[in-house]
Amino acid sequence: MSTEESQQDPRLRLVHQLRAVTVEFDLLAAEFAARHGLHPTDLRALIALLDAARAERPVTPGRLGERLRLNSAGTTTLIDRLERLGLVRRERDTTDRRRVLLTVEPQAVDLGWSFFGPAIDTLLTAMDAFTPAELDTAERFLTAMATATVATRTNAAADRS
């Protein structure tokens, strides 16, 4: 596909826009991590745990390690670090005492909101320019893009094995 053709393809324009948004979110996340002495993996772990909590899915250390593609030792080091910072705690599962679950501490949520809250407010304000139907379409689109990206990443990991 030539440059001219790619500029005319609205799908490729959207791919480039997705990349631009991703870069901006990554830069914002890097700023947050730097300000609070966190490693980028620490932030990815907190996001994964917050997403799981929102979906009411318990997370074990093993599941977090799988999600972040860390080995057992790396996962333990990560959790120990987040626990020392007061951002995460380990708890025994009340239904299976052999299992340990990870919980984000309120301090981590407050820290996140203090930094990302203004960005979220700006995003919500920008969304006010769209109708509910347009927002539904955008949600369907972003869900499909996330699913496609996960499939691509999974395939790339399988090819590497």
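The lining of the largest pocket divides by class into 34 nonpolar, six polar and nine charged residues, where Ala, Val, Leu, Ile, Met, Phe, Trp, Tyr, Cys and Pro count as nonpolar, Asp, Glu, Lys and Arg as charged, and the others, Gly among them, as polar. The model is predicted, so that local features need pLDDT of at least 70 and side-chain atom pairs count only at pLDDT 80 or more, while totals for chains, interfaces and linings use all residues. Residues are numbered from 1 along each chain as its sequence is written, and side-chain values use heavy atoms, with hydrogens and water left out.

This pocket holds about 2700 Å³ of space, a volume being the space filled by probe spheres set on grid points that are joined across faces, edges and corners. On a 1 Å grid over the protein atoms alone, a pocket is an open set of points where a 1.4 Å probe fits, with protein on both sides within 12 Å along at least five of seven lines, and lining residues have an atom within 4 Å of a point. Of the 49 residues that line the largest pocket, Val21, Phe25, Ile47, Asp51 and Leu123 lie nearest its centre. At least two lining residues come from each of H2 (10–35), H3 (40–54), H4 (61–68), H6 (106–127) and H7 (132–160).

The chain as a whole has seven helices and two strands, these being DSSP runs numbered from the N terminus (helices H or I, at least four residues; strands E, at least two). Their order along the sequence is α-α-α-α-α-β-β-α-α, and the C-alpha trace spans about 60 × 40 × 30 Å along its principal axes.

How the helices pack can be followed pair by pair. The axes of H2 and H6 come within 10 Å and cross at roughly 155°, with axes taken as lines fitted to C-alpha atoms, for helices over the stretch in contact, and angles running from 0 to 180 degrees between N-to-C directions. That makes H2 roughly antiparallel to H6, the term used for angles over 145 degrees. Contact, meaning heavy atoms within 4.5 Å, is made here by Phe25, Leu28, Ala29, Glu31, Phe32 and Arg35 of H2 and by Leu111, Gly112, Phe115, Phe116, Ala119 and Leu123 of H6. These comprise nine nonpolar, one polar and two charged residues.

H5 (residues 72–84) approaches H4 with the axes within 9 Å and a crossing of roughly 110°. H4 and H5 are therefore roughly perpendicular to each other, a description that covers 65 to 115 degrees. Pro61, Leu64, Gly65 and Leu68 of H4 make the contact with Thr75, Leu78 and Ile79 of H5, giving five nonpolar, two polar and no charged residues.

H5 also packs with H3, at an angle of about 80° and with the axes 11 Å apart. Here Thr41, Asp42, Ala45 and Leu46 in H3 meet Leu78, Arg81 and Leu82 in H5, a contact of four nonpolar, one polar and two charged residues.

Key. Parallel < 35°, antiparallel > 145°, perpendicular 65-115°, else oblique.
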